[in-house]
Amino acid sequence: MSKLEVGEAKAADPQEPVTRKGYLISLKTGERTEIRERDVHGRCRAVTEFEKLNRIGEGTYGIVYRARDKRTNQIVALKKVRMDQEKDGLPVSGLREITILKKCKHDNIVNLIDVVVGKSLESIFLVMEYCEQDLASLLDNMSQPFSESEVKCIVLQVLQGLKYIHSRFIIHRDLKVSNLLMTDKGCVKIADFGLARLFGLPSGPMTPQVVTLWYRSPELLLGSPTQTTAVDMWAVGCIFGELLSHKPLLPGNTEIAQLELIIDLLGTPSETIWPDYTKMPAIQNFTLKKQPYNNLKPKFPYLSAAGLRLLNFLFMYDPKKRATAEESLHSSYFKEPPLPCDPKLMPTFPQHRNLQHNSTKPTVSTTHQLGLSVPELPAVSDLLGSLLKKSRME
């Protein structure tokens, strides 16, 4: 039997790579055996085996890079786990994300391939499958919104992913368009499980300050200590509305402003429709305005009765009555024209996240993608200048 002993020398800067060497000491003979370089990381691969290509985003608890696996040439997403405030090893959020993703194998959940490490104690990376797009970037850069058929395709895939994780007692707790990825084959994947939690029945207390404000359910805004899968379903309603209208549905900048936007859209809650409403911890902190009307139909006049019914079920004030992922999948909205398009028939888009990093003047036209030469047009300011000069001469 042997034990691991680490040398006494300490690095001057905690951010510097660890240069101390480890030894295995025999308990019988006391002889030291130096640990070989290839065994330093245990069974983890070194991050140096991946070439970082560009930074593509930042999750709840980590920075994400596009990278190339030098062994296989596979393009992957490399997520650096944040260690800013940690003194005692891996942060709980990172540990939760690894644990949860290792349990999940589904087409609509991002796949965790490996965990790799660097020589520094702060260098821990999650290697995940690379998806070409995230919906937030797409919505920001699209010239025209998704068609209703395409919206149905996206929402169906999100619901399938949620049905899978909810059946395994996992709440995502941070669903939003920037955490929904899409491959070039039209497959939508739920990502960023940094805030995800396992839950039991009955549900125990959890921190209510989760979920990005625009997608936060009323029970979270009012300080509910217990959380269920209903918080994810409210976020699905917000995402559904955002995809239909091509802009955020409830873009509040404070909690009270967020509540007011919800009330403007759905009306003021009451004990009749939400029996636990007056028991919410933060209800005494707010004086909610009286607004008796549900304005979903005026907001989405082009949506069918089945579509409005689905939105209403997703936006139920009472989390116990809110639609589940499985119930939503059986909605007649997905069975009426226009039918959801096949994911493989979803349109493809330029990879805006990479264009922003690879070019100071990003261009996304088809002509540039094909490498065809395009005549350079004069700037608007030059045209105006020449017109003014001409008018003065005349």
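This is a predicted model: local features need pLDDT of at least 70, side-chain atom pairs count only at pLDDT 80 or more; totals for chains, interfaces and linings use all residues.
Which helices do the buried residues of H8 pack against? Residues are numbered from 1 along each chain as its sequence is written, and side-chain values use heavy atoms, with hydrogens and water left out.

**View 1. Packing of helix H8.** The buried residues of H8 pack against helix H5 (230-245), helix H7 (296-299) and helix H9 (325-329). Contact here means heavy atoms within 4.5 Å. Helix H8 spans residues 305-314, and its buried residues are Ala 306, Gly 307, Leu 308, Leu 310, Leu 311 and Leu 314. Buried denotes under 20% relative accessible area, exposed over 50%, and partly exposed in between (1.4 Å probe, protein chains only). Helices (H or I, at least four residues) and strands (E, at least two) are DSSP runs, numbered from the N terminus.

**View 2. The open sheet S10-S12-S13.** Three strands form an open sheet in the order S10-S12-S13, with antiparallel pairing. Strands S10 (133-134) and S13 (188-190) stand at the edges with a single partner strand each, so one side of each has no neighbour in the sheet. Strand S12 (residues 180-182) pairs with S13 in the antiparallel sense over three bridges; two strands pair if DSSP finds at least two bridges between them. Met 182 stands opposite Val 188 in S13. Helix H3 (residues 148-167) lies across S12 and S13 and runs at about 35 degrees to S13. Axes are lines fitted to C-alpha atoms, for helices over the stretch in contact, and angles run from 0 to 180 degrees between N-to-C directions.

**View 3. Lys 79 in strand S7.** Lys 79 lies in strand S7 (residues 75-81) and is buried, with a relative accessible area of 4%. An unreviewed UniProt entry lists Lys 79 under "binding site". UniProt positions follow the numbering used here, feature names are shortened, and annotations may be inferred rather than shown by experiment.

**View 4. Cysteines without disulfides.** The structure holds zero disulfides, a disulfide being a pair of cysteine sulfur atoms within 2.5 Å. For Cys 187, the closest cysteine sulfur is that of Cys 131, at 7.4 Å, too far for a bond. Cys 187 is buried, with a relative accessible area of 19%, and Cys 104 is buried at 1%.

**View 5. Ser 93 and Arg 197.** Ser 93 is found in helix H1 (residues 92-103) and is buried, with a relative accessible area of 13%. Ser 93 and Arg 197 are 104 residues apart in sequence and 9.3 Å apart in space, C-alpha to C-alpha.
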